[in-house]
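Please read these notes with the model open beside you. They go through it point by point.

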Amino acid sequence: METAEKLIKDRIKAQGPIDIGIFMELALGDPKAGYYMTRDPLGARGDFITSPEISQLFGEMIAVSMAEAWIRGGSLDAHLVELGPGRGTLTRDIWRATKNAPLFHQRIDIHLVETSPVLRDAQKKTLEGLVKPIWHDHIDALPKDAPLLIVANEFFDALPIRQAVATERGWHERVILLDGDNLMLGTKPGVFPMPLKAPGTVIEYSPVRDDIMQKIAVRLQNQGGLMIAIDYGHNIPGAAGDTFQAVHRHGYCSPLDHIGNADLTSHVDFARLAQIAKDQGCNIYGPVTQKAFLETMGIHRRLEALIKQAPALASGVERITADPGMGGLFRVLGVSGNVKSSPFQPAGF
Ligand code: SAH
């Protein structure tokens, strides 16, 4: 069987050292051997757990934020879009929570951007009997005829990044290379248009992430709508630091261990995403911490209303709002098209 490790070794043998972006693309996204393409990575028996899998109230709060914005924007025909929907749990919770929002279910259809066939199957099962989504491989294929209500939880952190490493001899690019038959991290000279920093300093950048943010911003400007993106990340422009990490069976490991069987992510540079969207003329909200967003949206009031029938909900809410913990580490960024006729301003910021 072709493993991701073998594919990567073959690529390096043929072409020489590869940057982290190519490494991530192969290890996560290779159609035959990539991590996301071959399994459902979520939950106790998988490798990691996400907020929508921990608590239904996460999706409910996003639903209220979006539905309010949509109603204020004129209750137009629109498309609800989830990027990287995992098991489809967040879309399910948003759809259930908007059942009573007037006209929401009549005027809105669902589009899922997902590359993994295994996860598409999981999404289909989760949404069976509730709503029929339309799947796309890439945001480019999303319809252009109506405003987009986009949600993305732990999507941007899974997109390939690259690293610039400051050395005595200038900026280098972090690469993966072969030493005999062993994969190793190394560097090779690169061209980076920024002042050199102290040797060892690492700056991460992500052409793929930038491109997706740029395209979404253009869409929101042209079509109207909004995006709510939630991820592990920071809001310091150009922050230095190596945040490239691998997670296997709920624990950290080296990105070179368990290749194709571990999740690879990095922290999202929210300042950069916000700047890209702003440069297109979009309105920006936040980023605020996940705790702040959920509390502003009234998660504790909602919990109080449900706790008698469902006491088990309390521990999930505690976990996704904890600071220190997920509530403080995750950030929520809102972006809306600056469209005068239908401003979709999301609540919670
Ligand atoms: N949002 C879900 C899952 C997060 S895991 C949750 O919160 O539970 C990351 C998701 O992004 C997976 O569904 C994965 O298959 C998808 N994904 C990763 N790279 C992608 C890409 N380039 N295009 C579309 N989906 C992608």
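**Notes on the model**

1. His172 is part of strand β7, residues 170–179. Helices (H or I, at least four residues) and strands (E, at least two) are DSSP runs, numbered from the N terminus. The model is predicted: local features need pLDDT of at least 70, side-chain atom pairs count only at pLDDT 80 or more, and totals for chains, interfaces and linings use all residues. Residues are numbered from 1 along each chain as its sequence is written, and side-chain values use heavy atoms, with hydrogens and water left out.

2. Is His172 buried or exposed? His172 is buried, with a relative accessible area of 5%; buried means under 20%, exposed over 50% and partly exposed in between (1.4 Å probe, protein chains only). Leaving aside residues up to four places away in sequence, His172 touches Gln163, Ala164, Val165, Thr167, Thr187, Lys188, Pro189, Gly190 and Phe192. A contact here means heavy atoms within 4.5 Å.

3. The largest nonpolar core holds 43 residues, and those with the most contacts inside it are Ile62, Met66, Leu80, Phe104, Ile108, Leu149 and Ile230. Such a core is a set of buried Ala, Val, Leu, Ile, Met, Phe, Trp, Tyr and Cys residues joined through side-chain atoms within 4.5 Å.

4. Which residues does Ile108 touch? Not counting residues up to four places away in sequence, they are Trp70, Ala78, His79, Leu80, Trp95 and Leu149. A second, separate core has 29 residues, including Ala4, Tyr35, Leu42 and Leu183.

5. Helix α7 (residues 117–127) has Leu119, Ala122, Gln123 and Leu127 buried. These residues are on the same side of α7 because they cover an arc of only 125° around the axis, the arc being that of the directions from the helix axis to the C-beta atoms. The buried residues of α7 pack against α5 (89–97), β3 (108–113) and β4 (134–136).

6. Just after α7, Gly129 has a positive phi of about 80°.

7. The ligand is surrounded by 18 residues, the closest being Thr50, Gly84, Gly86, Glu114 and Asn153; a residue counts if one of its heavy atoms lies within 4 Å. A polar side-chain atom of Asn153 is 2.7 Å from an oxygen atom of the ligand. Taken alone the ligand exposes 570 Å², and the protein buries 91% of that; areas come from the Shrake-Rupley method with a 1.4 Å probe.

Methods:
A polar contact is a pair of N or O atoms within 3.5 Å; within protein, one must be able to donate a hydrogen and the other to accept it, and residues adjacent in sequence count only if both atoms are side-chain atoms.
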